Amino acid sequence: MNELSEILDEKGGDVLQIDADATVLEAVKQMVEANVGSLLVKDAGEVCGIVTERDYLRRVALEGRSEKDTAVRDIISRPLIVATPQTTIDECMALMTDRRIRHLPVAEGGEVVGLVSIGDLVKFKSKQQSFEIKYLTDYITAH
């Protein structure tokens, strides 16, 4: 079974973060500059949630709030749903589908060691299937 650790080995463990007291505008700018869809949110040095593009759309844009005057802490998703490096890719896909989330922090020993997106999982599965198809094709044509 393939585990999230395989994706993190390839992708790395960098996780972008923002302080809970930052403005939503600062969060949006950071996400756009990094071309990502989420940031972990820290309050007093501890991870307290995650802010995503969806959070912005649902809790700022639709509610008519100002991104300049709204703190990130007011729109974050919590409690934080996490996986471990040993969580299988299939388990992770099921969890993300059931919870309707697109970004999942990966924690080990109480520390966040990475973050995976549904796109990371789909890319991994696609690459794996391409390899299996090539292997089977080579096996069939060799006989």
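A nonpolar core is taken here as a set of buried Ala, Val, Leu, Ile, Met, Phe, Trp, Tyr and Cys residues joined through side-chain atoms within 4.5 Å. Buried means under 20% relative accessible area, exposed over 50%, and partly exposed in between (1.4 Å probe, protein chains only). The model is predicted: local features need pLDDT of at least 70, side-chain atom pairs count only at pLDDT 80 or more, and totals for chains, interfaces and linings use all residues. Residues are numbered from 1 along each chain as its sequence is written, and side-chain values use heavy atoms, with hydrogens and water left out.

The protein chain holds five helices and five strands. Both are DSSP runs numbered from the N terminus (helices H or I, at least four residues; strands E, at least two). From the N terminus, the order of elements is α-β-α-β-β-α-α-β-β-α. Along the principal axes, the C-alpha atoms fill a box of roughly 70 × 35 × 25 Å. Of the 143 residues, 32% count as buried. Contact means heavy atoms within 4.5 Å. Among contacts with a separation of 6 or more, 54% join residues 24 or more positions apart.

The largest nonpolar core has 13 residues. Ile18, Leu39, Val41, Val51 and Val72 touch the most other members. Helix α2 (24-34) and strand β2 (38-43) each supply at least two residues of this core. The largest share, three residues, comes from α2. Val51 touches Ile18, Met31, Gly37, Ser38, Leu39, Val41, Val72, Ile75 and Ile76, with residues up to four places away in sequence not counted. A second, separate core has twelve residues, including Leu4, Ala83, Met96 and Leu121. In soluble globular proteins, nonpolar side chains tend to be buried together.

Asp55 lies in helix α3 (residues 53-61). Asp55 is buried, at a relative accessible area of 4%. Beyond its neighbours within four places in sequence, Asp55 is in contact with Ile50, Val60, Ile75, Ile76 and Ser77.

Gln17 belongs to strand β1 (residues 17-19). With a relative accessibility of 32%, Gln17 counts as partly exposed. Leaving aside neighbours within four places in sequence, its contacts are Gln30, Leu40 and Lys42. The C-alpha atoms of Gln17 and Ser38 are separated by 8.7 Å, with the two residues 21 apart along the chain.

Axes are lines fitted to C-alpha atoms, for helices over the stretch in contact, and angles run from 0 to 180 degrees between N-to-C directions. Angles under 35 degrees count as roughly parallel, over 145 as roughly antiparallel, 65 to 115 as roughly perpendicular and the rest as oblique. Residues are classed as nonpolar (Ala, Val, Leu, Ile, Met, Phe, Trp, Tyr, Cys and Pro), charged (Asp, Glu, Lys and Arg) or polar (the others, Gly among them).

The axes of α4 (residues 89-99) and α5 (residues 118-141) come within 11 Å and cross at roughly 140 degrees. Helix α4 is therefore oblique to α5. Ile89, Asp90, Cys92, Met93 and Met96 of α4 meet Ile118, Leu121, Val122, Phe124 and Lys125 of α5. This contact has eight nonpolar, no polar and two charged residues.

The axes of α1 (residues 4-11) and α5 also come within 11 Å, crossing at roughly 100 degrees. Helix α1 is thus roughly perpendicular to α5. Leu4, Glu6, Ile7, Glu10 and Lys11 of α1 make the contact with Asp120, Leu121, Phe124 and Lys127 of α5. By class, four residues are nonpolar, none polar and five charged.
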